[in-house]
Amino acid sequence: MDRAKLDGIRHILLHPFWIIFSLVGVFFFFFVLNRGGVIVFLWSGGVFLLVHLVFGDDSIKAIPLYHRLLLGICLSLVLLSLVFSYEQTDTHRLFRIAQMLVIVFCIGFISRTETARHAYSLVGTVLTVSILWQFIARGLFKLPYGTWSNPHYLANFAILTLPLVFYYFMTVSKPYKFLFLLLFVLDIDPVFKYASRPAFLALFVTTVFVTTFFTRSRYRWFGLLAICVGLLLLGITNYAGFFDKLKELITTISNEERVHIWKYSLEMLQDNSPSAWLVGNGIGSSAEMLPKYMIPDPLYQVYQAFPFQHNFLLQILFENGIIGTVLVFGGLALLLVLFIKLSRSTVGASLRLLINCMLAVFLNCLIFTSLTTGFYAKYTLYPMGFIIGTLFVLAEEVRNGP
């Protein structure tokens with residue numbers, strides 16, 4: 001094969017389209033179709049990243065600092081688990097860490113190409129299609145929770161996308177504002193209709209927090225007034241029996257499933273050896289150990305379907321030890337500090353709004369998943385990949401200035 005043909009193949013393989021296609025595929029198959037095809041797109045994105053690293057202009061030295069820090073934390077967690085708890089380590093969860101990194105690095109790569117200027121319209125289109133698809137799945141195809149098997153996951157999709165829908169509503173031209181207002185109504189409905197308490201808690205706490213501390217001038221008071229009016233309307237109408245379910249939770253909180261699971265998780269931690277307290281029992285070890293502590297409980301048949309702590313702190317302490325807990329929560333704290341720093345230092349109103357909306361997405365994800373899924377679950381790590389990747393891009397944009 002002559003040099004010209006080789007250069008042509010190289011040019012095709014290095015085109016940013018393949019990584020964009022992989023990212024859109026990951027988002028679409030995970031958030032819209034909820035099917036296993038997401039793995040194919042994740043690894044294809046990883047392959048094309050390697051192609052750029054080997055044959056393109058990128059090099060390991062060019063990896064930004066934030067990406068290196070994230071990579072260092074992830075590698076440390078993996079090595080701790082493999083070195084000290086190899087037999088108890090779940091390789092599937094290790095691969096999810098790698099898949100999260102693929103998402104982060106793919107977003108970072110795309111941001112450095114000319115195609116990044118189309119991100120606004122591309123993300124808006126994917127967001128619109130995703131929300132409409134979930135609505136059609138519920139309304140037309142009579143799937144109770146859209147493409148998800150659980151109302152909590154549908155509510156999670158809603159609280160992750162709502163801040164971005166609000167961002168587009170505030171920034172698009174007037175003809176499209178009505179579309180995003182409609183999308184907002186369609187998107188928020190499942191949170192109340194299915195009374196997902198973790199989703200409502202995340203949405204409420206995050207909205208109040210971001211509105212109070214990161215919204216300027218009169219918009220802060222308009223936002224807080226809107227929250228109060230919304231809660232008042234929910235209370236008056238008791239939409240879908242939402243408040244009845246909240247009152248039921250308050251009266252039966254001591255018998256709530258999570259309270260029982262936390263009790264067993266604490267018992268499991270008390271039985272830790274000194275070395276396990278330091279370096280953990282291995283990533284994924286909770287799935288094997290926690291059900292053994294639940295067996296005496298008459299509700300064990302209910303709990304055995306959820307072999308994780310429903311609490312990130314308890315899970316990471318058990319699986320990664322004190323060292324891993326410092327790494328994970330230190331990393332999460334750094335992400336929060338970076339969000340706050342960017343929000344307060346950004347001059348442009350549109351960019352600051354985007355940063356605040358992504359902060360809301362981050363907090364929604366963190367609060368919801370810490371109470372509902374495992375830390376190494378795909379429902380945690382895949383969204384975190386998109387959030388962290390976007391945050392790093394925003395940080396570079398703010399640092400480089402206009």
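Among contacts in the protein chain between residues at least 6 apart in sequence, what percentage join residues at least 24 apart?

1. The answer is 75%, with contact meaning heavy atoms within 4.5 Å. Please keep in mind that this is a predicted model, where local features need pLDDT of at least 70, side-chain atom pairs count only at pLDDT 80 or more, and totals for chains, interfaces and linings use all residues. Residues are numbered from 1 along each chain as its sequence is written, and side-chain values use heavy atoms, leaving out hydrogens and water.

2. On secondary structure, the protein chain has 18 helices and 0 strands (DSSP runs numbered from the N terminus: H or I of at least four residues for helices, E of at least two for strands). Its radius of gyration is 22 Å, close to the 21 Å from the globule rule for 402 residues, so the chain is as compact as a globular protein of that length (taken over C-alpha atoms; the rule is 2.2 Å times the number of residues to the power 0.38). The C-alpha trace spans about 70 × 55 × 45 Å along its principal axes.

3. Of the 402 residues, 48% count as buried, meaning under 20% relative accessible area (1.4 Å probe, protein chains only).

4. Helix α8 is worth a look: residues 174–193 make up its 20 residues, and the reach from first C-alpha to last is 29 Å, close to the expected 28 Å (1.5 Å times one less than the number of residues). Its buried residues include F180, L183, L186 and F192, and also D187 and D189. After α8 comes A195, with a positive phi near 50°.

Terms used: Buried means under 20% relative accessible area, exposed over 50%, partly exposed in between (1.4 Å probe, protein chains only).
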